[in-house]
Amino acid sequence: IHATNSSNEIKVEIFDLSGRKMFAQNYAAINESGTNSFTIPIKNVLPSGMYLLSALTNGIEYRERIIVN
């Protein structure tokens with residue numbers, strides 16, 4: 001995930017297609033340049049399938065479908 005112009009925290013949640021929350025984690029946005037990158041270890045947490053990733057920062061929510069193989 002790459003987050004630009006973030007506040008101090010990025011809230012990441014992953015839901016299965018039925019809406020059940022499968023993963024939730026808060027990440028510190030520490031890069032002063034405004035661009036932050038981090039890796040979510042979903043392969044070890046989620047079974048194969050399609051999911052909805054939600055990232056919330058500065059009151060703005062970003063959503064993206066992801067596929068775990």
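The model is predicted, so local features need pLDDT of at least 70 and side-chain atom pairs count only at pLDDT 80 or more, while totals for chains, interfaces and linings use all residues. Residues are numbered from 1 along each chain as its sequence is written, and side-chain values use heavy atoms, with hydrogens and water left out.

**Fold**
- The chain has 0 helices and 6 strands, in the order β-β-β-β-β-β along the sequence.
- Helices (H or I, at least four residues) and strands (E, at least two) are DSSP runs, numbered from the N terminus.
- Among contacts (heavy atoms within 4.5 Å) between residues at least 6 apart in sequence, 45% join residues at least 24 apart.

**Surface and burial**
- Of the 69 residues, 35% count as buried.
- Buried means under 20% relative accessible area, exposed over 50%, and partly exposed in between (1.4 Å probe, protein chains only).

**Salt bridges**
- The whole structure holds 4 salt bridges, each a side-chain nitrogen of Lys or Arg within 4 Å of a carboxyl oxygen of Asp or Glu.
- Lys21 pairs with Glu13 at 3.0 Å, N to O; Lys21 is partly exposed at 46%, whereas Glu13 is buried at 12%.
- Lys11, Glu13 and Lys21 are linked in a network of salt bridges.
- Asp16 and Arg20 also meet at 3.0 Å, N to O; Asp16 is buried at 13% and Arg20 exposed at 53%.
- Arg63 and Glu61 meet at 3.2 Å, N to O, with Arg63 exposed at 56% and Glu61 partly exposed at 41%.
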